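I'll jot down what I look up, one thing at a time.

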Amino acid sequence: MKYGLLLFFLGLLVAGCIDPFKPSQDFADGRYLVVSGFLNVGSDTTTILLSRTQSLNSLESSTNETGARVRIVGDKGTTLQLNEVKPGRYTLAPRNYLTSEKFSLQINTRDGKEYASDLVQVKQAPAIDSITFQADRANRIMRFRVNTHDPNNNTWFYRWKTEETWEYTSALYSKDSVAGGLKKINPRVLIPYRCWRTDLSSKIFIGTSAKLAQDRIMNQNLVLVDNASDKLLIKYSLLVKQYALSQEAYEYWDMLARTTETTGGLFDPQPSVLTGNIHCTNDASELVFGFFSAGTEQQKRLTVTPYQLGGWYPGTYPSCSAPFDTLDATEVMMTSDLSQKLIQIIDEPGTPLSYIMAPATCADCRFLGGGLKKPVWF
Amino acid sequence: MKKLLLLFFLSGLFSFQVSAQLSFDGKTVSGSVTGLSFRNFVKVIESNSDYYFYYNQTDTDSVFVTASVTQKSLPAFLNQVFQDTDLKYAIDAQHHIFITKDRPIITTLPKGVFDANRELDTTISYDFHDKELTARLLSTAESKVYDIGIKTYRIKPGNATVSGSVRNIVTGEPVIGAYITVEKSTAGTSTDAFGNYSLTLPRGRHTLRVRSIGMRESQRQIVLYSNGTLNIEMVESITALKEILVKSDLDASVSSNQMGVSKLTIKTMKQVPTAFGETDALRVVLTLPGVKSVGESSTGLNVRGGSTDQNLILFNDATVYNPSHLFGFFSAFNPDILKEIELYKSDIPARLGGRLSSVLDITTREGNKKKFSGSGGIGLLTGRLTLEGPIIKDRTSIMVSGRSSYSNWILKQVTDERYNKSRASFYDVNVQVNHEINQKSSLMIMGYISNDHFKFNSDTTYRYESQLASIKWKRIFNPKLFGTFTGAYTRYRYDIQGEQFPINAYNLKFGINQANIKADFSYIPNTKHTMDFGISSIHYKVQPGSFYPRGEGSLVKPELMEPEQGVESAVYFSERYDVNRALAITGGIRLSMFQYLGPRNVAQYAEGLPIDKLYTTGFRSYGSGNVIQNYMGPEYRLSLRYMASSTLSVKAGFNTTRQYIQMLSNTAAISPTDVWKLSDPYLKPQVGQQFSLGLYKNLRSGSIELSVEGYYKHLRNVLDYKSGDSLILNKQIETAVISAIGKAYGVEVLLKKLTGKLNGWASYTYSRTLLKASDPTLADAPNHGNYYPANYDKPHDFSLISNYRVNRRLSFSMNFTYSTGRPYTPPRGQYYMDGVLRIYYAERNQARIPDYIRADVGINIEGNHKVRKLAHSSWTFSVYNLLGRKNPYSVFFLTEGRQIKGYKLSIFGQPIPSITYNFKF
């Protein structure tokens, strides 16, 4: 709605525009603790990830905080220690919890600082009713939506995480590989033609029924699949995880979404420092990022193939626009399977063998981010 | 033409050949003659008598005597000769005959001429002008000498007062604020709200110069004998190219008592090129020093470091809450009916109040009382039409004007499905009746409605509506006391309809109603004192929001915010005292009161803890009309002017202001869902204090005016917002706001050239506006409770408005604007949360967007300037943002994959040409 308004002016009236902008000054500063994860009081493992903030556009993927002591402390005497299973990844096996107990996350880092979250109430997530989809033909987008309700009218605030998995192929099929060092052409053990890729949601999906008379969420938009992405071409599966939030947690995620996903528009609020419900007990002015909550997770999966999409044109088959190379037997041995893939051997009587080579990006689906292993449930 | 003249001349020569058969015996003329030249006729008379002629050859060379008379007396014969000419004669006792044009020479002195106390003998008309009073051409009126008071032969020593009214000769409208100055003297005055003036001068001969914006400058020569009246009629400068630019107070900037006041007339505004070709009053106001806005698409004004809700915008005395259409792309006022705009940014008169930063007083002109006329214009996106005329000639006029956009058809043409279901339209209509009850009282009734309707992406509809009405009765009780009684009503509301999905289709509404009454009086006991006093009261009723389901399938839970109401009242008194010619002092006090009234449930919070929803202990209920909270406080208005010389003055002022209603907005620009909120037990009234000092100098005999003004301002109880709290439908708004204090200071330099082919103004402002939380220990205090720049803090600001008049029909105008970019909150670092990269921001407003630079050009082509023709028309071509510079409105940062990318958004990314046709009949 907001961007519609913006686009309206930009596109129609005044030919305004959005251009890249680089601040003339760097505002980088210290590294602050970042906490993500929640206490899972259901049947799954609780995972808390600790990391540090980075300067803008740093190339590090994540700066894990290792060697910290992480505990869950309840207000009715529970104290549970988490174990660091990987650098920065602290887990706790599932167990039974008192749902009436309030919990806090407490962290001691190696640099001697202590952090603690506010006490949070356990929120039980209701089951997901359904995942649906609807085509937005004007924008060439397929919208996947979630529907849920809480018969006890007790949840009101929701958050979802999604995992999209889809099957796709490369444009060309390469059944043999050139092992240049061994001067041999071998049939492939794994043919890199068909891939499966899984993406986690990069957006914050939250919704509330607080303004409705019933605790019911209808047609809440989650993932939007653009036709150009070709995700729906063969088979597509969407896993939705649902969490119940407290009002404070909802406001935190809402604010985080607003400050990091939409700011700067004509009518968007000003960004501000947003930290969460975790504080440094040694130094109240130190920033700590993250919001600790406790609850259960509900999951539901929807898998669709193109014929289920009701006449929706799911995308285009991949094609290779790069030119092919035709090589002779000695030339082909000089190539590397990483850059060129053998797609055809021409063996005609009377002529020497020739090899048709295509760029690897056209004949190896892994270049498009997926893997060759089919998920067991797919 | 020349040939004709020559022929005429030759025929004169030939007629000289005709011989005289005319005789004169010293007393009577006899004989018969045809085509005798005047010169030969004179010879006939002179040769036969002691009569001697004094005449001008060129006056008489076309006079030929054709007569057949016997014994006709000389005077009778001369009467016959001059019968069809404009020549007159006079014969004195010595038989001198004086031939003059138009009027005869009086050859005797009146009786008692040397007795100063004797009244004039009027049996002989010594003043020929008396016969010409019917000639109303101003040039005549200007060259004429008016006798004021009872004529005496000699002028007595001492002072006398001339008073009267100044009116528009065409429409009969009083000319308000016309400056009347006396040549070769520093005396002067200006007309009041009825167009009346009064001026005390030494008796004797004076030349009065009368100047008013948009009127042709005029002068009157008077001989002041005793107290008397002189009514002056002025002609509107129709071609006006000379008078076009801001006459921001004319030379009054130097001599007037006030500082920080800017006056713009419609003719100035029409000159300034705009984005869509239509004259935009507010955009011109933005070029004045000390006035800024956060960005291009916002008509919200930030005056001397005030926020956008701290300006009182009055349209014929009715308060305006939404001064724009289409979120600021067009101003809400039809340029054809505007008369002038006055902006008070420091010395706010005591009669006005209720907002902290400024008063923008917009007045419309009166409809034509003499004849039916109309005007209008056609632009690319909008059209407008005004019709006006007398109901009772010279007494009552009506003016109806309307304006509408026609952008919908353009939207329908767009093939992109995202846009062609969009709708954007607006209109405004103004009806005004002016009635002159008698010479001493007049009445104005006005009604105004403005409506905006947009629909974007076919799922959300925005509607905005303003309704204004006002009635104003002006009355002169006696020449020293007059009063104005005003009643006004404002209704502003919006309605946002979301219907993306039937299940959550909604209607979100907000509304505010305001009714004002006030009585203002001016009492002028003598020329040294002017007193203003009055009372006013405003009743506010705010519907802070309702959220209702729309359609049967909607599950939206209806939510209705409790309405709130309050009464703001004020009494004021101010006096201007002209100590001497150099020093004038104005002092005023305005006592304002505000009562927040029930019915309402007011949340109570645990003592000693922050005001937060967490600490709500309950609600206290107040009955209808019960006073929930009382606020009262004095506002001081002091100013001083010292004329160091006739061209240099120094002024100083101290002002305090109070404000009891505020707009809640946590976005940078005015957003579609901003709400207004009255002061309540938690939101204290905003209080402002301003010290200002100014230096005014006229250069090159008043054609160039230079002024430098400095100010320091202190603000209390202004609002800032906690991050992320919703302001819409928030029943405990006090938990979402932070009370802040602010300081603002700056220097404004203005150089104006008012006359000549090239005119215009250049202004430079250096200013800062800083805010900090009133309670720095608060957890939500931005920037750890330290000062931070306000959103509209733009230290350097330069504007150049210029107009070059090639001739009366063609003029070019050019604007240039530079300002420092406004502050934004920069991103400081990044982190991963749930595997997704997020940014975190630095403290509030620590970086600036790139500077703003824009140039616009315009060409005005007027039709021919025959005053009497069916319709006058003009074309305006303009190019807005000629340089095509992509001035950022805003910058923002988005996470894209693993990168945080900065973007800047520009509203006008390229030159915007436009063309407008205007007409007037």
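This is a predicted model: local features need pLDDT of at least 70, side-chain atom pairs count only at pLDDT 80 or more; totals for chains, interfaces and linings use all residues.

Is Gly498(B) buried, partly exposed or exposed, and why? I looked for C-beta neighbours of Gly498(B) inside 10 Å and got 17, so the residue counts as partly exposed. Being buried would take 20 or more, and exposed would mean 12 or fewer.

**Around Gly498(B).** I placed Gly498(B) in strand 31 of chain B, which covers residues 481–498. Leaving out neighbours within four places in sequence, I found Gly498(B) in contact with Asp459(B), Thr460(B), Ala505(B) and Tyr506(B). I also checked Lys455(B): 43 residues separate it from Gly498(B) along the chain, yet their C-alpha atoms are 9.8 Å apart.

**Confidence.** The average pLDDT of chain B is 81, and 85% of its residues score at least 70. I noted a stretch with pLDDT below 50 at residues 125–138 of chain B, which has 9 contacts in the model beyond near neighbours in sequence. Residues 239–251 of chain B also fall below 50, but this stretch has 42 such contacts. For the complex, I wrote down an ipTM of 0.81 and a pTM of 0.67.

Chain A has 378 residues, and 33% of them are buried. I found 4 helices and 27 strands in chain A. Among its contacts with a separation of 6 or more, 68% join residues 24 or more positions apart.

**A sheet in chain B.** Then I went back to chain B for an open sheet of 3 strands, in the order 1-2-4, with antiparallel pairing. Which strands stand at its edges? They are strand 1 (22–24) and strand 4 (64–73); each has a single partner strand, so one side of each is left without a neighbour in the sheet. From one strand to the next, I read an average twist of 20°. Strand 2 (residues 28–37) is joined to strand 4 by 7 bridges, and the two run antiparallel. In that pairing I found Val29(B) opposite Lys72(B) of strand 4.

**Helices on the sheet.** Helix 2 of chain B (residues 38–47) lies across strand 1, strand 2 and strand 4, at about 155° to strand 2. Helix 4 of chain B (residues 74–81) packs on the sheet too, touching strand 2 and strand 4, and makes about 155° with the direction of strand 4.

Which residues of helix 4 of chain B are buried? I got Phe77(B), Leu78(B) and Val81(B). These cover an arc of only 100° around the axis, which means they sit on the same side of helix 4. Pro75(B) and Ala76(B), on the other side of helix 4, are exposed. The buried residues of helix 4 pack against strand 2, strand 4 and strand 5 (87–91) of chain B.

**Nonpolar cores.** My last stop was the largest nonpolar core, with 88 residues. Ala281(B), Val285(B), Phe315(B), Ile341(B) and Ile362(B) touch the most other members. I followed up on Val285(B): beyond four places in sequence, it touches Leu264(B), Val291(B), Leu301(B), Ile341(B), Leu343(B) and Leu360(B). Apart from that core lies another of 83 residues, including Met142(A), Tyr158(A), Phe205(A) and Leu837(B).

Key. Residues are numbered from 1 along each chain as its sequence is written. Chains are lettered from A and ligands numbered from 1 in the order in which they are written. Two residues are in contact if their C-beta atoms, placed from the backbone, lie within 7 Å. A nonpolar core is a set of buried Ala, Val, Leu, Ile, Met, Phe, Trp, Tyr and Cys residues joined through C-beta atoms within 7 Å. pLDDT is the predictor's confidence in each residue, from 0 to 100. Two strands pair if DSSP finds at least two bridges between them. Axes are lines fitted to C-alpha atoms, for helices over the stretch in contact, and angles run from 0 to 180 degrees between N-to-C directions. The arc is that of the directions from the helix axis to the C-beta atoms.
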